[in-house]
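Biologist: I have a model open and would like a walk through it. Can you take my questions one at a time?

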Amino acid sequence: MAVVNVLVRRPPEAVWEVLSDGSAYAEWVVGTQEIRSVGQGFPEVGTAIDYTVGFGPFHLRGRTTVRHMEPGRQLGLEADAGALGTARIVIDVLDWGEDTVVVLDEHPLRGPGYRLHNTFSDAFLLLRGHPMVRNLARLVERRHPR
C-alpha cells in the first residue's frame, strides 16, 4: 500500500485546476516523459491521458483512464502499463484552512504488478509517490502565486 500526502499552500480550487489539466501530468508525475494525447473533457469519467513513461533506456507507452471523479474533491484513475498490469490511483483534495492537503493512494490493481505485489513494490511506489506529490505542490504554487 502506498499512500503519501502533501500540504499545498493554495486553495483546493487551484489544486483541482492543475489536476484537471491532463497535459500538465508530465510536469509532476514521476517518470512521465511525454503526454501524447488528452481526452476531450478530461477529467470526466471515461476520458484518458496517453503518455510515454521511462527510466533510463526503458520506455513504455501507457494510458491512464478516469474511473471516478468528484469535481474538486477526488479523482480516481486507472493507469494501464500494458503487460505490467494496471494500478488504481486515488487523489483526494482536502480543505486545510486556507491551504489544501493532497492524499495520493496508489495500489496495483491487475496483472503481474498485482500478483507480485509485496513490501518491495510498495517501497518503490512510496519512493515515486513522495516526489510526485511534492512536484504537484510546486506546480500548483507556481501556477497560482499568492
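Modeller: What follows goes from the overall fold to the sheet, then to some aromatic rings and one histidine.

Modeller: This is a predicted model, in which local features need pLDDT of at least 70, side-chain atom pairs count only at pLDDT 80 or more, and totals for chains, interfaces and linings use all residues. Residues are numbered from 1 along each chain as its sequence is written, and side-chain values use heavy atoms, with hydrogens and water left out.

Biologist: How many helices and strands does the protein have?

Modeller: There are 4 helices and 7 strands, taken as DSSP runs numbered from the N terminus (helices are H or I with at least four residues, strands are E with at least two). From the N terminus on, the order is β-α-α-β-β-β-β-β-β-α-α.

Biologist: And how much of the protein is buried?

Modeller: Of the 146 residues, 49% are buried; that means under 20% relative accessible area, with exposed over 50% and partly exposed in between (1.4 Å probe, protein chains only). The accessible surface is about 7,800 Å², and 57% of that surface belongs to carbon and sulfur atoms.

Biologist: Now the sheet. What is the strand order?

Modeller: The sheet is open, its 7 strands run S1-S7-S6-S5-S4-S3-S2, and the pairing is antiparallel. Two strands pair if DSSP finds at least two bridges between them. Strand S1 (2-8) and S2 are at the edges with a single partner strand each, so one side of each has no neighbour in the sheet. From one strand to the next the twist averages 25°.

Biologist: How many bridges join S6 and S7?

Modeller: Strand S6 (residues 86-96) and S7 pair over 11 bridges in the antiparallel sense. Asp-95 stands opposite Thr-100 in S7.

Biologist: Which strands does helix H1 touch?

Modeller: Helix H1 (residues 12-19) packs on the sheet and touches S1, strand S4 (58-70), strand S5 (74-80), S6 and S7. Contact here means heavy atoms within 4.5 Å. The direction of H1 makes about 155° with that of S6, with axes fitted to C-alpha atoms, for helices over the stretch in contact, and angles from 0 to 180 degrees between N-to-C directions.

Biologist: Changing topic: how many aromatic pairs are there?

Modeller: The count is 2 aromatic pairs. Rings of Phe, Tyr and Trp (its six-membered ring) pair if their centres lie within 6.5 Å; planes under 30 degrees apart are stacked, over 60 edge-to-face, and the rest tilted. Tyr-25 and Trp-28 form a tilted pair, 4.9 Å centre to centre with 50° between the planes. They are 3 residues apart in helix H2 (residues 25-28), which puts about one helical turn between them.

Biologist: Are Tyr-25 and Trp-28 buried or exposed?

Modeller: Tyr-25 is buried at 6% relative accessible area, and Trp-28 is buried at 2%. Tyr-25 also pairs with Phe-42: their ring centres are 5.8 Å apart and the planes stand at 90°, so this pair is edge-to-face. Phe-42 lies in the loop between strand S2 (32-38) and strand S3 (48-55) and Tyr-25 in helix H2, so the pair ties together parts 17 residues apart in sequence. Phe-42 is buried too, at 10%. Tyr-25, Trp-28 and Phe-42 form one aromatic cluster.

Biologist: Last one. Where is His-107?

Modeller: His-107 is in strand S7 (residues 99-110) and is buried, at 13% relative accessibility. Its side chain makes a polar contact with the side chain of Asp-105 at 2.5 Å. A polar contact is a pair of N or O atoms within 3.5 Å; within protein, one must be able to donate a hydrogen and the other to accept it, and residues adjacent in sequence count only if both atoms are side-chain atoms.

Conventions. Areas by Shrake-Rupley, 256 points an atom, 1.4 Å probe, with all protein chains shown as cover.
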